[in-house]
Amino acid sequence: MDIPDATQTRLPSVGLAVDELLAEVDARQSREPDVHGARLFGLVYPTGRDDLEDLIVAVNRRYLFGNALNPFKFPEIARFEGEVVAMTGGLVHLPQGGGGSMTSGGTESILMSMLVNRERAAARGIERAEILAPVSAHPAYAKAAHYFGMDLVRLPLDEHFRADVGAARELVGPNTAVIVASAFNYPYGVMDPVAELAAIASERGIGCHVDGCIGGFVLPFMEALGYDVPPWDFRVEGVTEISADVHKYGYTAKGASVILHRDADWFGRQFFVYDQWGSGLYGSPGVAGAKPAAPIATAWAVMQSLGHAGYVEIMRDLMATVAQVRATIDGLEGVELVGDPIGPVLALRSDSIDLYAVADVMDERGWHVNRNTDPYGLHLMLSPAHGLVVDQLINDLVDAVAHHGESRGKEARYS
Ligand SMILES: Cc1ncc(COP(=O)(O)O)c(C=O)c1O
């Protein structure tokens, strides 16, 4: 990675010609993975559908310069946002009286929820609130603890790589503000026991945040297809917040997530309001001040365009791809899945094969597989477009497991 010295690059004294600078942009982009090529796992979620991409580009162009900060000036952007929130709420059974907002991504959705949970705890007199989160939870919870002066209490996993309910009972304490459950988690694609964790939270009158950043746009469609999806959404009584990312399996471009609160009053605590300056009332429900309008309008358009049936259709094909990959993994001697992943995120482990060396071979063949540290192994996050290359993926994986050298020691890096 070539990060320029912040004191070296200067504004060109005279602007470059458009052709010249676009050539430079293209040259730089060509050195990065192709976001359409279905060789990346995670980070981007290609569908392989040109019609959807054309729509995303068209709506983006219309709203590229919009600012969602002021809903009084841009009431239609606020309406798009409200409709995305409501459509997402419908998918996860947000009850009457609930509310939420769009954010820039899963991390911001989690941050806003943790802030609200801290405020809820403060209202009960807790000075330093704790987040009780499985060790498999996304780093955004640690980030929230760091930003908001909270403590992260790490909940161990059971032998199935799910949050350990017994340990949760022991670790929940007088300062616990919120219990986190992932539906499903990033490292292994495994569902935490949401109902059991939410029951503990409910008994104590504390929050239960379900991280549906990945699952929010996967599980409702799996359920519609008849898969056995354990209870995880607002139909579980103690669940107070759910985050769901439209920019993952909702298939819009980056910058779109939704945070939902069972209780709109608590959503109200997300807002920062200030009028002690010379330019009137300032209010905002998230980290951003100026807030890009394009991701909001685009998320709306993608959701409207696909509709429930469109998402179900994509999920049917995606799960067929997942089944193919899982069948291959089952046939690989010495390699096994970590836990029992519910959907398109799979982690591989092995006691006899160095899976980082396997990843090196995959890298050489142009795949960008991710590495897990615990358990040591591979991480595959499948997107719809992987269906177009699944035979090649499977052949390369089988071959790499059979023929690999020593690991080059490339580290696991999520970001
Ligand atoms: C389960 C889960 N939660 C939260 C996030 C954070 O989302 P973002 O990267 O959009 O901030 C991710 C990202 O991969 C995730 O997998």
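**Note on the interface between domain 1 and domain 2**

1. In this predicted model, 28 residues of domain 1 are in contact with 28 residues of domain 2. The chain is divided so that domain 1 covers 59-303, while domain 2 covers 307-402, and the centres of the two domains, taken over C-alpha atoms, are separated by 28 Å.

2. Turning to area, domain 1 and domain 2 bury about 2200 Å² between them, and 72% of that area lies on carbon and sulfur atoms. On the side of domain 1, Tyr 188, Phe 221 and Tyr 249 supply 27% of the area buried against domain 2, which is more than any other three residues supply.

3. As for polar and charged pairings, the count of salt bridges between domain 1 and domain 2 is 0, whereas 7 residue pairs in polar contact are found across the interface, with both residues of each pair at pLDDT 80 or more.

4. Among the secondary-structure elements, α8 (219-224) and α10 (294-330) are those that give two or more residues to the side of domain 1 that touches domain 2. Of the elements, α8 gives the most to this side, with 4 residues.

5. The composition of the side of domain 1 that touches domain 2, sorted by class, is 23 nonpolar, 4 polar and 1 charged residues.

Terms used:
Residues numbered from 1 in each chain as written. Predicted model: local features only at pLDDT ≥ 70, side-chain atom pairs only at ≥ 80, totals over all residues. Heavy atoms only, no water. Domains from an automatic or database assignment. Contact = heavy atoms within 4.5 Å. Buried area = accessible area lost by both parts, 1.4 Å probe. Salt bridge = Lys/Arg side-chain N within 4 Å of Asp/Glu carboxyl O. Polar contact = N/O pair within 3.5 Å; in protein donor to acceptor, adjacent residues only side chain to side chain. Nonpolar A, V, L, I, M, F, W, Y, C, P; charged D, E, K, R; others polar.
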